[in-house]
Amino acid sequence: MQPIKDVQPIKTVGVVGAGVMGSGIAAHMANAGIRVTLLDIVPPDLPNPESAPHAQRSRFAGDAIKKTLKSKPAAFFHPDMAKLVATGNLEDDLDSLKNADLIIEAIIERIDIKKKLFARLEDTISSDTIVASNTSGLRIADMLEGRNDSFRERFLVMHFFNPVRYMKLLELVAGPDTSDQVRERVETFGRELLGKGIVWGKDTPNFIGNRIGCHSMMLTLKEMQPAGLSIEDVDAITGVPMGHPKSASFRTADMVGLDTFAHVASNCHAALVDDEERDVFLAPEFLTNMVDKKILGDKTRGGFYKKTKDGILTIDPSSLEYRPKGGDPELKKAMKDIAKKEDPAERVRALVADSGKAGAFAWKLLSRSLLYSARRVGEIADDVVACDDAMKWGYNWELGPFEIWDALGFSETLTRMRQDGLDIPSSIERMENAGATSFYRPGEVFDLARGAYVEKHEDPRTAPLVLVRQRTAPVVENAGASAWDLGEGVLGVTFKTKANSIDADVIGAIHQSVDRAERDFSAVLLYNEGDHFCVGANLFAIVMAANQKQWDQLRNTVQGFQGAVQRMKYATVPVVAAPYGMTLGGGLELCLASDAVQASAETYAGLVEAGVGVIPGGAGNLNMLWRALEGIPDGVEFDVQAVVGRVFQNIATARVATSAHEAIRFGYVPTRASVSFDRARHLSEAKALAASLGRTGYHPPAPRSYRLPGESGIATLGMMVDTMVAGSYATEHDALIARKLATVLCGGPGGATKLVTEEHMLELEAEAFVSLCGEPKSLERMQHMLMHNKPLRN
């Protein structure tokens, strides 16, 4: 986190309301290291509420945290984060919020109940406490009726999106009396500590994200049947081809909950009496009937889609009966072809250019959505950037509405809209008359209110790697990877392979980059782009060699990867890894060999090779075990078998950490690893860490040797494996893999008789890996992975 001068930090938070949103907000505050107090009402069903123990009177809040700890996906980075959340009730514990820096209200969306709560808070809290509402659309003026000037100055809306941990958007809405200091303090807190993308909206129903998003979704529902499309057809169109998430329209609705979605739409229709497209927010009959019949999506195990033992079924909107999943096969194929394009702008252009009913449907949705968004600028947000960011961060669109318009061509789109007889907003006509050809151009954005381009304010810490690529040539480059001068003495190595998988070119580039860094730079940074840091080694070459029984070639491949990893580990300059997303197999092995790690909070790491029939082959066994042992001071007597056993279980069961903090607890990254909450700042923060290490007297570590359990340890782990097989928790082939892994981690049969060197560990690892490649069932697993286009996670 970067400190902001003269902005008082927020250190303690109270959350009132322990529902899904309130408990999610509390969990993410705890993820950020903030102490939180979560309060809710006293349960009305207590037989003797006055004499009931405090735990029973605080049951709603206490049970909410228990439920949150079990939620999938996980709300807490690690279960221990829940220890930062104290629970209580509004009758006994309201005074505990007296000196909180920030209180967030997340109770039921009823204005009368909110007003009563704010009245109580006004009489309780200190004059410095900020109060925020997580309302999704109630007006600030209505909520603050009767409150004093001081309370009004310290009040604003903080609208989080669910699930709070994973959704980047935080919409902030200030009231007419909210002080500048409060605005700055909350914005700084949300951006710097929580890692959120901040968008300032206006005090209008559903603010920015849900106003534009709900309009888009309701328009989709209304136009589906007139267009003669099925639910599957619409999802094929409105997902990846349109630059939206894979869940598209109807799968997203199932996840959100049809009742929740219908409620948001109903609120819009009721409140937006002057909206030119108000009728769009009226739910179609089939949606109303589904809600009435409690067909609500995932929460009722059936919505637009329903999972059964016979496969996925789709509801018929006319009859509300389920049928086998189908859709137009030709349309589906065309949309799959479009989805293969990496650039979302290319995808959207190809979609709209489609000459069939998919293209016509997409154009109808997009043209109206773009115009609707344009009319909202000035009403719900000050500029187009806020609208674009809200949709990207709150709805996971790859492009916001105005970025989509630019992708389709500003003038071309405008011409087609006019040909369709659509009403063009005066702000867009003024933009056209000003000679503008796009909403965005380098460093500037068109301000629809001013009718001119203005500077686009960017946080320099969010500058992407592409800016480096645009101004310089790579220092090292081959088909698999390239290395770039990032400045401040840091050489950045980035992969170019599919899913950032590791192949011979990547291995070669690592060697070359370290060599070059030792001559001309002070640090190396492993930083990748794309959805995932690295899913492991490319499987194709390994399967080919195994099929042809080219065992020497396989051994050379393994030793080549081991060599690259160890070259990093003992380089004379520090190596920093910046993992994020899936960091599996070889991706994690690179991190294990790095001197430091700047991990994205959402890093999912593990050595998962056992799942494809082998063991780690890039020094992962060595470096994971050595990392565990290095934390034990010299001279301390300890049970080495226990340490080996824990590492064995993590690798044999392909245990994956579901956050950077969990990866730290599992021993996958250093205990003091730095964690980036905002992925957009990941490169900047990782580079700063690498530059700092390079400037502060770095020297490479000396190789270490350990006495390992040896033959007795192999036998002990073998008995554990036998028990798993006997209980049908593992197959005989799983057992074979596990026994070979045990041999490696125990230092071979003679591991207890002498100090085991790194070289010996690497020899054992290579031997086990190659021998497993010769096992028919291992080869079968690898071929299965290849068929499904998944790189070997090594």
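Me: What is a salt bridge, and how many does the structure hold?

Reply: A salt bridge is a side-chain nitrogen of Lys or Arg within 4 Å of a carboxyl oxygen of Asp or Glu. In this predicted model, the structure holds 56 salt bridges, and one of them joins the side chains of Asp734 and Arg781, with N to O at 2.7 Å. That pair links distant parts of the chain, since Asp734 sits in helix α30 (residues 732-745) and Arg781 in helix α32 (residues 776-787), 47 residues apart.

Me: Which parts does the salt bridge between Asp634 and Arg704 tie together?

Reply: The closest N and O atoms of Asp634 and Arg704 are 3.2 Å apart. Asp634 lies in the loop between α25 (620-630) and α26 (640-652), while Arg704 lies in the loop between α28 (682-695) and α29 (710-726), so the pair ties together parts 70 residues apart in sequence. Asp634 counts as exposed, at 69% relative accessibility, whereas Arg704 is partly exposed, at 30%.

Me: Is Arg681, which forms a salt bridge with Glu685, buried or exposed?

Reply: Arg681 counts as buried, because its relative accessibility is 3%, and the closest N and O atoms of Arg681 and Glu685 are 3.3 Å apart.

Me: Which residues are linked in a network of salt bridges?

Reply: Arg211, Asp275, Glu276, Arg375, Arg376, Glu379 and Asp423 are linked in this way.

Note on methods:
Residues are numbered from 1 along each chain as its sequence is written. This is a predicted model: local features need pLDDT of at least 70, side-chain atom pairs count only at pLDDT 80 or more; totals for chains, interfaces and linings use all residues. Side-chain values use heavy atoms; hydrogens and water are left out. Helices (H or I, at least four residues) and strands (E, at least two) are DSSP runs, numbered from the N terminus. Buried means under 20% relative accessible area, exposed over 50%, partly exposed in between (1.4 Å probe, protein chains only).
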